[in-house]
Amino acid sequence: MTTITKAACIGGGVIGGAWAARFALAGIDVNIFDPHPEAERIIGEVMANAERAYGMLTMAPLPPRGKFIFCKSIEEAVQDVDWIQESVPERLALKRGVITEIDAAARPDALIGSSTSGLLPSDLQAEMKHPERMFVAHPYNPVYLLPLVELVGGKKTAPETIKRAEEAVAEIGMKGVVIAKEIEAFVGDRLLEALWREALWLIQDDICDTETLDNVMRYSFGMRWAQMGLFETYRIAGGEAGMRHFLAQFGPCLKWPWTKFTDVVDLDDALVEKIGAQSDAQAAGRSIRELERIRDENLVGIMHALKASNGGEGWGAGKLLADFEKRLWAKGGNQSKSYNASGPLRLVETKVNAAWVDYNGHMTEHRYLQLFGDTSDALLRLIGVDFAYVEAGHSYYTVETHIRHLGEAKLGQALYTTLQVLASDQKRIHFFTRIHDAGSDDVIATAEQMMLHVDAEAGKSVPAPAEVLAKLKPIADGHAKLNVPEGAGRHVGQKR
Ligand SMILES: CC(C)(COP(=O)([O-])OP(=O)(O)OC[C@H]1O[C@@H](n2cnc3c(N)ncnc32)[C@H](O)[C@@H]1OP(=O)(O)O)[C@@H](O)C(=O)NCCC(=O)NCCSC(=O)C[N+](C)(C)C
């Protein structure tokens, strides 16, 4: 298994900065070289967006954030790192020069990926001493959220390099897709280029404006593509008769004048101005940062939906997220943490994300229950009830919950939870959880809950094993000395 322990980003613009954020959020220290005078500020802003997005994306325990180390030269940046990602402007001579310089200073076993959107890896590696470890690792913006990396080897790239790259990106939550042969623009940008050419013609010929074109995409096939791509979608379009039927139905259109994309539109000043003006009107005054935030919220929402799909197993980018979270839990969540049972256990830290807010402008009901569930999961991990335990056939199930809402939680508000065990025996854990505002410590909501230890296959409660009870005991003993929380034992209808 290839794991990146330290990375270098050469070029820290929109793509390089987002690569740096992706690495740092996976706990990897990143050396950065970018001569731009504002590189630190730009990367700081990308990182802020990335942290906000991850705050919404996952409750799994991220490793401590990797450090950014700003370096004065390529040579300094690439020494002693496992992965170097080149993201300098898209000019062959410049990229080739930078990659050759990286090659001269990097460890011979370090992997060197280029973010190029279309240049051939064979051209980029032409002057390298160790070209066998160089390849294209073409990501999609925002790199910290979108998982895809197109991995493309050149004539001199070793097959082993591509295999190592595929393993390494999986560890940071990405999906490495190996492109079988190198061609300009690879697969993703080939497709986008075709669409882009058509789009330019449609605007040029006044068939529609930029907003109409975007609406056509985002209310229809754009949504399909995020979850099934092109061919699987068309397979469904073929109905029971499947793909061959679809091809027979729509094959004849290939001969009709349905596309102009092989003709290249003249992107002259007038067309540039036309698109610029229509795009300004479409943005309706929203800044790029605002649009980035909306984009990130939407992408997170799509990934959450895909994670819940396919009967809870996850689908596409959502399945990838679920698998990544499993690994995070296995690494960070299952380790027995030190805790102090002389008070309620502080277990979960989070921020109210946009998908949690309802039409009243505050956190909606079921998200409270989600947070209470995440808190009881954290308690369970402390007592050894982790993924492996559940896979082996036993678990704890919640059988009763009483929630009180005492204050509001607004978008972006930082929250934490505390849990107090009220009573326990061989089968039961009776506990009380508070959701606090992180700024004031005020209690926003409480839940009193009962969990039963179960044999999952039998669907029956059974006593927990001695090792689980032994881990629960010090917590229960410590909490037995605490006052019964105000609100425990309440029922609906009582006067407050
Ligand atoms: C399987 C199940 C949990 C229990 O079914 P059972 O074996 O038939 O259990 P009994 O009803 O016989 O109860 C066993 C003992 O526990 C006592 N009990 C039951 N409910 C309560 C309660 N609310 N408060 C106090 N004590 C209770 C009962 O009296 C029995 O005591 P004995 O001394 O006689 O042994 C079954 O109920 C089930 O499957 N329920 C559905 C569970 C579920 O799906 N919950 C939602 C999942 S959410 C979740 O679990 C979140 N998370 C923990 C994973 C975060």
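**Aromatic rings and their partners**

Arg65 lies over the face of Phe68, 5.4 Å from the ring centre. A charge sits over a ring if NZ of Lys or CZ of Arg is within 6 Å of the ring centre and within 35 degrees of the ring normal. Arg346 is placed over the face of Tyr416, at 3.6 Å from the ring centre.

The model is predicted: local features need pLDDT of at least 70, side-chain atom pairs count only at pLDDT 80 or more, and totals for chains, interfaces and linings use all residues. Residues are numbered from 1 along each chain as its sequence is written, and side-chain values use heavy atoms, with hydrogens and water left out.

There are 8 aromatic pairs in the structure. Rings of Phe, Tyr and Trp (its six-membered ring) pair if their centres lie within 6.5 Å; planes under 30 degrees apart count as stacked, over 60 as edge-to-face and the rest as tilted. Tyr234 and Phe246 are stacked, because their ring centres are 4.5 Å apart and their planes are at 25°. Since Tyr234 belongs to helix α9 (residues 231-237) and Phe246 to helix α10 (residues 242-250), the pair ties together parts 12 residues apart in sequence; helices (H or I, at least four residues) are DSSP runs, numbered from the N terminus. Tyr234 is partly exposed at 29% relative accessible area, whereas Phe246, at 10%, counts as buried. Buried means under 20%, exposed over 50%, and partly exposed in between (1.4 Å probe, protein chains only).

Trp256 and Trp258 form an edge-to-face pair, 5.7 Å centre to centre with 70° between the planes. Trp256 is partly exposed at 47%, and Trp258 is exposed at 58%. Elsewhere, ring pairs link Trp19, Phe23, Trp83 and Phe135 into a cluster.

Notes
Helices (H or I, at least four residues) and strands (E, at least two) are DSSP runs, numbered from the N terminus.
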